[in-house]
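Student: Could you walk me through this model? I would like to go over its pockets and strands.

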Amino acid sequence: MTKEDRRLSEGPLVVAIDSSTTSSKAILVDASGTVWHTAKRNIQLHTPAMDHYEHNPLRWWESVYAVIGEVLSKISAKDRERVAAIGITHQRESFAPFDKDGRPLRNGILWLDGRATDQIRKYGNEHIHQLSGKPAGVTPGIYKMAWVKENEPEVFKKAHKVVEVHGYIAFRLIGKWVSSQAATDSLGLFDVQKRDYAPELLEIAGVTRDQMADLVEPSKPMGTLLPDLAAEWGIKEVPIIAGLGDGQAAGIGAAATSPEVAFLNLGTAVNAGVESPEYRYDPVFRTHVSGIPGNYVF
């Protein structure tokens, strides 16, 4: 898009952010889908032991803060007044424990981390699969949370909140511990058909309902941008929209929004999937809450 095209463009602008395994990115996009600007910041991957993969959760926010500021710095003050919302996608299944002020109590454990093999064998079964939509395996957060419960019990005892990447970024943007159903579901703690935490899954993970983020349906506002951030970036106190995991978002972005159309996304991992208005579970796929309200994605 040329400078002249942007000058003639009208209507709202949206900042979309994605905090994933290797980096956080932001795009500034208008209502026609035209991308105005992009920005990216890398996130260091820590490997403290074999099959252990972690991030410093502070980097989730620091990198997001930087890329939002960068894309907004590239437009005029007049155009910044047009920014109407900020949306979030994120690396699924990764989580970290935090105190009341949002300080991490340990590094975040990532979706590709393989430390919880004992917990997968101990807790994984067909009932848990049917309830959560997630077959027992390395990816769901519940088993790695159980590992923390059994190997670092003081961490969850001290934690005010235990949230996924989306929930932490939302806290830093709006000042409340709230997240999207389509983001938190990836931890494997949901009765996925009820779209809420299941007490028996929280017990396996070693956390309580009070330690979880409040939930908002995807595509709905979670709150408004903190005044200090709005003033710093030169935009209004815009709504922060409940988003979804990067894999689910890739399918919607590719217009794979019905059961007849599947998607394939090649990134740090390979994601393939299909949307459905009906709940199903099977050993060959994970079932997630979709970013389309009421839907699931296999």
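Tutor: What follows takes the pockets, then the strands. The model is predicted, so to speak of local features a pLDDT of at least 70 is needed, and side-chain atom pairs count only at 80 or more, while totals for chains, interfaces and linings use all residues. Residues are numbered from 1 along each chain as its sequence is written, and side-chain values use heavy atoms, with hydrogens and water left out.

Student: What volume does the largest pocket have?

Tutor: About 440 Å³. A pocket is an open set of points on a 1 Å grid over the protein atoms alone, where a 1.4 Å probe fits, with protein on both sides within 12 Å along at least five of seven lines; lining residues have an atom within 4 Å of a point. The volume is the space filled by probe spheres set on the points, which are joined across faces, edges and corners.

Student: Which residues lie nearest its centre?

Tutor: Ala 16, Ile 88, Thr 89, Leu 244 and Ala 249, out of 19 lining residues.

Student: And which strand gives the most to that lining?

Tutor: Strand 14, with four residues. Strands here are DSSP runs of E, at least two residues, and helices are runs of H or I, at least four, numbered from the N terminus. Helix 12 (246-253) also supplies at least two residues of the lining.

Student: How does the lining divide by class?

Tutor: Eleven residues are nonpolar, six polar and two charged. Ala, Val, Leu, Ile, Met, Phe, Trp, Tyr, Cys and Pro count as nonpolar, Asp, Glu, Lys and Arg as charged, and the others, Gly among them, as polar.

Student: What about the second largest pocket?

Tutor: Its volume is about 320 Å³. Its lining has 18 residues, and Trp 111 and Asp 246 are among the closest to the centre. Three of the lining residues are nonpolar, ten polar and five charged.

Student: How does strand 2 pair with strand 1?

Tutor: They are antiparallel, over seven bridges; two strands pair if DSSP finds at least two bridges between them. Val 15 has Leu 28 as its bridge partner, and a hairpin of three residues joins the two strands.

Student: And strand 3?

Tutor: Strand 2 and strand 3 (35-42) also pair in the antiparallel sense, over seven bridges. Lys 25 is partnered with Lys 40. In their hairpin, Gly 33 takes a positive phi near 90 degrees.
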